[in-house]
Amino acid sequence: MEDIIIAVGGAECGTSPIMPYVGEKFDGKYFTMLTRLHLETALLRCGFDVLDRPRPISDPQEMIMQANRGGAELAVIISYSTFGSGKSFNDWNGCKIKHGGGRFGAKSKTAAEDICAKTYTVKKCEVTACESGWSAANFPAVVCECGYLTNFEEARLLYDPDNSVDIAEHIAMGVCEHYGMPYIPRDDITAYPPLCSSATGKRGKKIKMLQAMLCANGYYAETDGVFGRSTDLAVRSLCLNNGLTESGGVTAAVWRDLLFPDVRNAVFGTKHTSVLYMQRKLYSKLYRSPKNGTFDTDTLNALNEFAVDRGLRHIEPGDEIHEQLAKSISSAKGGRPRLF
């Protein structure tokens, strides 16, 4: 069977009302970027191909034009919804899977229903028609509005990396269901083959999957499926920062650090995928942490604020992050409450 090409994009969806404690609006663009990368990773792992993009596209219509040229058979666009004026929080919540119209309206609706059937296990979900007919598309199109910017709890999850992974994996399950292809679980180690240090110049879906995962972890790599200079530099930087052997190429340890960052590996004064994961979790819980992957003083202060609020022992520079604190950070719960 020939590769099924999926176009994955992120729509511009605006910002939340001002979040308490951090005093900033959460940007939906951060969620769509991260979830799009995790969805591309999941689809590539399951045997699909994803459309090469010379640059990220936030306009769905522009993405449709590019996907037409690239021979895509389905477009999946990640977004967020707003209820009301968007100036304050309300209780409207859930996920909307919208389907395009036009010549492929029936197929778009079926794809939306298959995706909805899987994402419904994560959160309340409904299928609706897109306001736009997507008449220019030469394929079915689905828009996944994964929550409401105007719902406090759903807005908080915009920066939670586990939320992005969870939603992306369930959308991928729906796409697999739609095409009758088996879903390969994220923790299936056979899906992540070693790539030796001489992989430079090689190409393929596994390399494109690696590139998406590098980008999701804060390392720039062109997502073109070619192990070029940017990918090589990104892998070397990750190995250097994570204490891995740089000359070993993409080993099982590299895949592990990209897939399953462990807060307990975060050490003050270092840069690590686990630090970026921890920072994103803290920020989603409304503790004002940087999101740069470097365990600096600001990150330590946010971490200790969180520890004090949870009644846990705080840490000093040089201390290991203890088990209780690591579990509490990684939990989906434990964020600061809504104030108004």
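Is L286 buried or exposed, judged by its relative accessible area?

Modeller: Happy to. This is a predicted model, where local features need pLDDT of at least 70 and side-chain atom pairs count only at pLDDT 80 or more, while totals for chains, interfaces and linings use all residues. Residues are numbered from 1 along each chain as its sequence is written, and side-chain values use heavy atoms, with hydrogens and water left out.

L286 is buried, its relative accessible area being 0%. Buried means under 20% relative accessible area, exposed over 50%, and partly exposed in between, with a 1.4 Å probe and protein chains only. L286 sits in the loop between α9 and α10 (297-309). Helices (H or I, at least four residues) and strands (E, at least two) are DSSP runs numbered from the N terminus. The backbone of L286 has a positive phi near 75°, and the residue is not a glycine.

M19 has E24 in β3 as its bridge partner. Two strands pair here if DSSP finds at least two bridges between them.

Burial also marks helix α8 (residues 252-259), where six of the eight residues are buried, so the helix is largely enclosed by the rest of the structure. Those residues are A253, V254, W255, D257, L258 and L259. They pack against α6 (205-216), α7 (229-241) and α9 (273-284), where contact means heavy atoms within 4.5 Å.

Now for the sheet. Strands of a sheet pair through backbone hydrogen bonds, either parallel or antiparallel. Here six strands form an open sheet with mixed pairing, in the order β4-β1-β5-β8-β6-β7. At the edges are β4 (49-50) and β7 (125-129); each has a single partner strand, so one side of each lacks a neighbour in the sheet. β7 is parallel to β6 (residues 95-99), and five bridges join the two. Within that pair, K98 stands opposite T128 in β7. Helix α1 (residues 28-45) packs on the sheet, touching β1 (5-10), β4, β5 (74-81) and β8 (141-148), and its direction makes about 150° with that of β5. Helix α5 (residues 161-179) lies across β1, β5 and β8, also at about 150° to β5. Axes are lines fitted to C-alpha atoms, for helices over the stretch in contact, and angles run from 0 to 180 degrees between N-to-C directions.

Those two helices also meet each other. The axes of α1 and α5 come within 8 Å and cross at roughly 45°. That makes α1 oblique to α5: angles under 35 degrees count as roughly parallel, over 145 as roughly antiparallel, 65 to 115 as roughly perpendicular and the rest as oblique. The crossing of α1 and α5 is right-handed; a crossing is left-handed if the near helix is turned anticlockwise from the far one by less than a right angle, and right-handed if clockwise. Among the residues that meet are F31, L34 and L39 in α1, with V165, I167 and I171 among those in α5. This contact holds 12 nonpolar, four polar and two charged residues. Ala, Val, Leu, Ile, Met, Phe, Trp, Tyr, Cys and Pro count as nonpolar, Asp, Glu, Lys and Arg as charged, and the others, Gly among them, as polar.

Helix α3 packs on α5 as well, at an angle of about 130° with the axes 7 Å apart. That makes α3 oblique to α5, and this crossing is right-handed. The α3 side includes K107, D114 and K118, which belong to a contact with α5 residues including H170, E177 and H178. By class, this contact has five nonpolar, five polar and four charged residues.

One last stop is K123, in the loop between α3 (105-119) and β7. K123 counts as buried, at 16% relative accessibility. Its C-alpha atom is 6.8 Å from that of C95, 28 residues away along the chain. Leaving aside neighbours within four places in sequence, K123 is in contact with G94, C95, C146, G147 and E154.
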